[in-house]
Amino acid sequence: MKKTSDNYDFLFGTPRLEMSGGECLVDGLQTILEYCGDKIVVSLGSQVITFRGSDLKINSFTREGAVVEGNIVSMEFSS
């Protein structure tokens, strides 16, 4: 069985999330569907992620992804 590196999945269209402290790096982000201080909803194409918490904001946004910051209490995944 061939093992692939998770670090390169986002290069091939696979979304990637990386949590560190009070922020979450979201690679593969396509659109922001909802944005307010207690809820941020983003689309990754076939999946939607809802961040809930307080003082939420998107610190940086590029073609490759975004960084969601704040007091992240939960993340919900849906399709």
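A salt bridge here is a side-chain nitrogen of Lys or Arg within 4 Å of a carboxyl oxygen of Asp or Glu. By this criterion, the predicted model holds 4 salt bridges.

**Figure 1. Confidence across the predicted model.** The mean pLDDT of the protein is 85, with 84% of its residues at 70 or more. Confidence is lowest in strand S1 (residues 16–20), where the mean is 90, and highest in strand S4 (residues 39–43), where it is 96.

**Figure 2. Salt bridges of Arg 16.** Arg 16 pairs with Glu 18, their closest N and O atoms lying 3.5 Å apart. A salt bridge also connects Arg 16 and Asp 27, at an N to O distance of 2.6 Å. Because Arg 16 belongs to strand S1 and Asp 27 to strand S2 (residues 23–27), this pair ties together parts that are 11 residues apart in sequence. Asp 27 is buried, at 7% relative accessibility, whereas Arg 16 is partly exposed at 21% and Glu 18 is partly exposed at 43%.

**Figure 3. The salt bridge between Lys 39 and Glu 34.** The two side chains meet at 3.6 Å, N to O. Lys 39 is partly exposed, with a relative accessible area of 21%; Glu 34 is likewise partly exposed, at 34%. Salt bridges with shared partners join Arg 16, Glu 18 and Asp 27 into one network.

Figure 4. Glu 69 is buried but has no salt bridge, the nearest oppositely charged side chain being that of Lys 57, 4.0 Å away. The Glu 69 side chain makes a polar contact with the Asn 59 side chain at 3.1 Å. Beyond neighbours within four places in sequence, the contacts of Glu 69 include Gly 22, Glu 23, Asp 55 and Leu 56.

Notes. Residues are numbered from 1 along each chain as its sequence is written. This is a predicted model: local features need pLDDT of at least 70, side-chain atom pairs count only at pLDDT 80 or more; totals for chains, interfaces and linings use all residues. Side-chain values use heavy atoms; hydrogens and water are left out. Buried means under 20% relative accessible area, exposed over 50%, partly exposed in between (1.4 Å probe, protein chains only). Lys and Arg count as positive and Asp and Glu as negative; His and the chain ends are not counted. A polar contact is a pair of N or O atoms within 3.5 Å; within protein, one must be able to donate a hydrogen and the other to accept it, and residues adjacent in sequence count only if both atoms are side-chain atoms. Contact means heavy atoms within 4.5 Å. pLDDT is the predictor's confidence in each residue, from 0 to 100. Helices (H or I, at least four residues) and strands (E, at least two) are DSSP runs, numbered from the N terminus.
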